[in-house]
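Please look at the sequence and the structure before reading on.

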Amino acid sequence: MNTRANKKWIVSFLIILFIPVVSNAQCAMCRAVLESEASQNAAEGINDGILYLMVFPYLLVGGLGYYIYRSYRKSKSQS
């Protein structure tokens with residue numbers, strides 16, 4: 001195994017190793033506040049808000065992708 005492939009393998013291994021640590025550390029304060037209350041109404045509201053906010057970037061990227069796809073097909077059909 002050459003040195004370049006060995007470095008890529010080590011970097012890939014370290015990235016995979018640290019991904020769960022980063023994902024478990026997200027929003028610890030929100031989780032602590034939501035677990036401390038008896039009713040789950042606030043937790044459901046926050047989850048709905050997160051989903052609502054998460055939809056718009058996907059819509060924007062999807063719309064941009066569709067626009068690029070449509071422009072590409074239109075330019076290809078004209079030539």
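## Overview of the chain

Of the 79 residues in the chain, 3% count as buried. The model is a predicted one. The chain holds three helices and zero strands, and its pattern along the sequence reads α-α-α.

**Surface**

- The chain has an accessible surface of about 7400 Å², and carbon and sulfur atoms account for 68% of that surface.
- W9, I10, F13, L14, L17 and F18 make a nonpolar surface patch of about 610 Å².
- One of the residues in this patch is F13, which lies in helix α1, a helix of residues 3-24.
- F13 counts as partly exposed because its relative accessibility is 45%, and partly exposed means between the 20% limit for buried and the 50% limit for exposed.
- W9, which also belongs to the patch, counts as exposed because its relative accessibility is 53%, while exposed means over 50%.

**Aromatic pairs**

- A pair of aromatic rings is described by two values, the distance of the centres and the angle of the planes.
- The search of the whole structure finds two aromatic pairs.
- W9 and F13 form a stacked pair, because their ring centres are 5.7 Å apart and their planes stand at 5 degrees; planes under 30 degrees apart count as stacked.
- W9 and F13 are four residues apart in helix α1, so about one helical turn separates them.
- Y52 and F56 form an edge-to-face pair, with 5.2 Å from centre to centre and 90 degrees between the planes; an angle over 60 degrees counts as edge-to-face.
- Y52 and F56 are four residues apart in helix α3, which covers residues 41-78, so these two residues are separated by about one helical turn.

**Exposure of Y52 and F56**

- Is Y52 buried or exposed? Y52 is exposed, because its relative accessible area is 54%.
- F56 has a relative accessibility of 40%, so F56 counts as partly exposed.

**I46 in helix α3**

- I46 has its place in helix α3.
- The relative accessible area of I46 is 35%, so I46 is partly exposed.
- Which separation is found between the C-alpha atoms of I46 and L34? I46 and L34 are twelve residues apart along the chain, and their C-alpha atoms are separated by 9.0 Å.

Notes
Residues are numbered from 1 along each chain as its sequence is written. This is a predicted model: local features need pLDDT of at least 70, side-chain atom pairs count only at pLDDT 80 or more; totals for chains, interfaces and linings use all residues. Side-chain values use heavy atoms; hydrogens and water are left out. Patches are made of residues with over 30% relative accessible area and no salt bridge: like charges are joined within 9 Å, nonpolar side chains (Val, Leu, Ile, Met, Phe, Trp, Tyr) within 5 Å. Accessible areas come from the Shrake-Rupley method with a 1.4 Å probe; for residues, only the protein chains shown count as cover. A salt bridge is a side-chain nitrogen of Lys or Arg within 4 Å of a carboxyl oxygen of Asp or Glu. Buried means under 20% relative accessible area, exposed over 50%, partly exposed in between (1.4 Å probe, protein chains only). Rings of Phe, Tyr and Trp (its six-membered ring) pair if their centres lie within 6.5 Å; planes under 30 degrees apart count as stacked, over 60 as edge-to-face and the rest as tilted.
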